[in-house]
Amino acid sequence: KQWYQRRVAITAGQQGYKYKMKSVYAHFPININIINDNTHVEVHNFLGEKFVRRVNLLPGVTCKPTGNKDEIMVEGNDVENVSRSAALIQQSTTVKNKDIRKFLDGVYVSEKTFIQELEES
């Protein structure tokens, strides 16, 4: 077990972790703004609401647009901080007081990878 934990720690230090997140909506397009040197995320127009949802990312985590429509990347070296930041973004778009089987709008994790793939030798 210890050798695996060490290997994961070494891998994380060399590569880092990257979570891709995609905004899913049926009618009202969700707008995601990345502000303050890629450390804060704002979610606008969720379910047509005027309320702006703001998420402060955890230390060592940055957020970048991927270039694809409605998709962002959450990156960092610590897997806990990256996954918790992605969870905070997803939880900020939780549908309340509606049937969650019908209202599937939100921002969801679509892919979990390393920042750069190392070649195995």
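What follows is a short chat about how some labels on this predicted model come about.

Me: What makes Tyr 17 and Phe 114 an aromatic pair?
Reply: Their ring centres are 5.5 Å apart, and rings pair if the centres lie within 6.5 Å, so the two qualify. By that rule the count for the protein comes to 1 aromatic pair.

Me: And why is the pair called tilted?
Reply: The planes are 40° apart.

Me: How do you know whether Tyr 17 is buried or exposed?
Reply: Its relative accessibility is 11%. Buried means under 20%, so Tyr 17 counts as buried.

Me: And why is Phe 114 put in another class?
Reply: Phe 114 has a relative accessible area of 29%. Buried stops at 20% and exposed starts over 50%, so a value in between is called partly exposed. Asn 31, in strand β2 (residues 31-35), gets that label too, with 40%.

Me: What does Asn 31 touch, leaving out residues up to four places away in sequence?
Reply: Glu 42, Val 43, His 44 and Asn 45. Take Glu 42: it is 11 residues from Asn 31 in sequence, and the C-alpha atoms are 8.1 Å apart.

Me: What makes you say that the charged end of Lys 98 sits over the ring of Phe 103?
Reply: The charged end is 5.8 Å from the ring centre, and the limit is 6 Å, along with a position within 35 degrees of the ring normal.

Me: Which residues have the most contacts inside the largest nonpolar core?
Reply: Met 21, Val 41, Leu 57, Val 74 and Ile 89, in a core of 19 residues. At least two core residues each come from β1, β3 (40-44), β5 (61-65), β6 (71-76) and α2 (79-92).

Me: What is Ile 89 in contact with, beyond its neighbours within four places in sequence?
Reply: Met 21, Val 41, Val 55, Leu 57, Ile 72, Val 74 and Val 107.

Methods: Residues are numbered from 1 along each chain as its sequence is written. This is a predicted model: local features need pLDDT of at least 70, side-chain atom pairs count only at pLDDT 80 or more; totals for chains, interfaces and linings use all residues. Side-chain values use heavy atoms; hydrogens and water are left out. Rings of Phe, Tyr and Trp (its six-membered ring) pair if their centres lie within 6.5 Å; planes under 30 degrees apart count as stacked, over 60 as edge-to-face and the rest as tilted. Buried means under 20% relative accessible area, exposed over 50%, partly exposed in between (1.4 Å probe, protein chains only). A nonpolar core is a set of buried Ala, Val, Leu, Ile, Met, Phe, Trp, Tyr and Cys residues joined through side-chain atoms within 4.5 Å. Helices (H or I, at least four residues) and strands (E, at least two) are DSSP runs, numbered from the N terminus. Contact means heavy atoms within 4.5 Å.
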